[in-house]
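Please keep the structure in view while reading.

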Number of protein chains: 2
Amino acid sequence: MNSRGHPEPDSESPPTIPSSPRTPRMKVSSKLNRWSMGRALRSGAVKIDRQTLRTDNNDNPCRQVTSEEADRKTSAIEDGFRDDVAGKSIYMVSDGTGWTAEHSVNAALGQFEDPLVNRGFPVNTHLFSWVEDEEKLIEIIKQAAKQKAMCFYTLANPSMSKSAKEACDLLGVLSVDILGPIIQGIASHLGVSPSGLTRGAAGRVKTLNDAYFKRIEAIEFTIKQDDGTLPENLGKADIILVGVSRTGKTPLSTYIAQKGYKVANVPFVMGVEPPKTLFDVEPRKVFGLKIQLVVLQAIRRTRAKTLGVDTVGENRYSGFDLVRKELDFAAKIYAKNPGWAVIDVTNKAIEETAAVILRLYHDGSDSSTSVPCISKRF
Amino acid sequence: MNSRGHPEPDSESPPTIPSSPRTPRMKVSSKLNRWSMGRALRSGAVKIDRQTLRTDNNDNPCRQVTSEEADRKTSAIEDGFRDDVAGKSIYMVSDGTGWTAEHSVNAALGQFEDPLVNRGFPVNTHLFSWVEDEEKLIEIIKQAAKQKAMCFYTLANPSMSKSAKEACDLLGVLSVDILGPIIQGIASHLGVSPSGLTRGAAGRVKTLNDAYFKRIEAIEFTIKQDDGTLPENLGKADIILVGVSRTGKTPLSTYIAQKGYKVANVPFVMGVEPPKTLFDVEPRKVFGLKIQLVVLQAIRRTRAKTLGVDTVGENRYSGFDLVRKELDFAAKIYAKNPGWAVIDVTNKAIEETAAVILRLYHDGSDSSTSVPCISKRF
């Protein structure tokens, strides 16, 4: 055990990127997931430097809300988990919403799925948004130093960004400027200076322009058309998703709508003819969702359990026979409409399927396109 | 005019960041917006090097889909606009969905609102997703070189990332690695190596875990509760938004739902008592939206025009009297419920209001919190 109470890393699979001296490598037994680790700590099965724990707790700047799921939150609080016990902290500081930092760090964490998921290697992220004065900024960085956290920042104000870098260097906090290199790249490419204005600044051009209102309209349109309602409006949609129940049409629709597209979705139900208007729209706008039989069955079983239905018989919602028949029913409609793109959503996250659909939606033009892409004009 | 047919930059407001020699600064007259510039070009009012244009057109790898709004798209095609005529191109290359690159570059473009919006300085972005082999990567970078574009990339595979850097350097394409520094920072902080696996790779841990399904559930819950439906379910929501019509409850709800929170929204309608269940939920979960009278009136006028209603009288939907009375009605309810946070949404974008709400939602705990933040555990 090292001085911070973590088990020393074992000798297998040495990291190729050297760890900094102030951030000792950690690895907990693969038998202990993050919650069982907490329990093990309380029960004394794993030893911990209690002095360190007590000191660190007092400095914890955020309550332990693990967000996104209420029960995860409860578990965390009940377990009395703290950043420095069995995890590392990542601070994200923004003078705006902070969503860019959150999005980028989440994407990067995808490169550490194995240690995070399989090796009980918890990471705590703390997102500080609307940090628009230096005093608050320095307070956060001091806190990061105490927690031995690293710090990402997206600060539009160049003087804030400079202060962040200097304070982090001074306090020995590993820091990465997420937005700076991107802004500098664009500035150099366009040959104009960035405004340096934060989102909340008075001088910022307001984002509530036509494009913004069209995005709002797209979201409202999408919600109204959900689940096959108002088939007479299908012609007004940019994108129409079709598929059997539990292929993810609704979440996918709202995700794509957030990007400004009017999306309608039409469920394919065994023995029910899809609305005639569906076959009148441009085929390139229609996307059929397909999924592997066993995966759909498993998803439906979970869903049925949640709803408290689906108890017996082969013709039940998650029954093999009905699921197979419904998929066949959908497959036949797809076969009759070769102009529709059919997307396999098996094991795909919403954002992955959305990326596939939008690339196809923007593809297929008259040009000598070598590689399909999504183009926009600002 | 320089060799590429752009007006030379004038002497005012020199950029503080030096432009690279291969990317001449451009500035078109502030009297010409991006579309009128296209028209001016066609009419001969602005001269252009036709040879350059023709050559560039042949190499354009993407059709000019300006996305997000169908009519913007149509205009672009009709105008025969091409990247190199009166705009600069930005390429984004990803071996995954590409959303991180898109999100980050959009955020950075917010620093150039003045040249983009007020000075008719169009920028074209091209997002290439699922670029998983080197051949395709090099093809895209060659294209970028021909279009004198710059290139951002988010490539999880380190050998692809290295190739992108080398090819860009070799071909004189200004490039910025968006994801690399973030991944390296985390690797160094955690003391573990990144997997190097792309989103589509077989070895990637599947993201369809419990948290993922809860996110889906949150989205479905949110859509079902939209616009005050099912008031009996308010107790099940994580967050409840209340406010008069056109304060943006619906788009805000779906945006927050995408982040995994169950959101319900309840409209406040003049003279209609809100559902009793609203007053039974924890006040910290309820967020009242307020907005400036004149701004709401303007939004409602636009909305009424779209719907083709709201023709006469002071008691009409956008009438000064009704709008004022409704806002007063809401303000009185807010005053009676001091535990609710009241958020001013005037001129705020959805993502901005969402950032304010989620910070408040995660704040107010028992700890000695110095700066409020949103914490998560991975």
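Is A:Glu351 buried or exposed? In this predicted model, A:Glu351 counts as buried, because its relative accessibility is 16%, under the 20% that marks the limit for that class.

- Because A:Glu351 belongs to helix H14 (residues 350-361) of chain A, while B:Arg215 belongs to helix H10 (residues 210-224) of chain B, the pair joins two chains.

**Salt bridges within a chain**

- In chain A, the side chains of A:Lys165 and A:Asp169 meet in a salt bridge at 2.6 Å, taken from N to O.
- Both A:Lys165 and A:Asp169 sit in helix H8 (residues 158-171) of chain A, where four residues, or about one turn of the helix, separate them.
- A:Lys165 is partly exposed at a relative accessible area of 40%, and A:Asp169 is likewise partly exposed, at 46%.
- In chain B, B:Glu282 and B:Arg284 form a salt bridge whose closest N and O atoms are 3.1 Å apart.
- The accessibility of B:Glu282 is 41%, which places this residue in the partly exposed class, and B:Arg284, with a relative accessible area of 32%, is partly exposed as well.

- Over all chains, the structure holds 24 salt bridges.
- A network of salt bridges links A:Glu102, B:Lys259 and B:Lys376.

**Cysteines without disulfides**

- Searching the whole structure, over all chains, gives zero disulfides.
- A:Cys151 takes part in no disulfide, since the nearest cysteine sulfur, which belongs to A:Cys168, is 4.3 Å away, whereas a disulfide would need the two sulfur atoms to be within 2.5 Å.
- In chain B, B:Cys151 is in no disulfide either, and the nearest cysteine sulfur, that of B:Cys168, lies 4.3 Å away.
- A:Cys151 counts as buried at 1% relative accessibility, and B:Cys151 is buried too, with a relative accessible area of 1%.

Notes: Residues numbered from 1 in each chain as written. Chains lettered and ligands numbered in written order. Predicted model: local features only at pLDDT ≥ 70, side-chain atom pairs only at ≥ 80, totals over all residues. Heavy atoms only, no water. Buried < 20%, exposed > 50% of the residue type's maximum accessible area, 1.4 Å probe, protein only. Salt bridge = Lys/Arg side-chain N within 4 Å of Asp/Glu carboxyl O.
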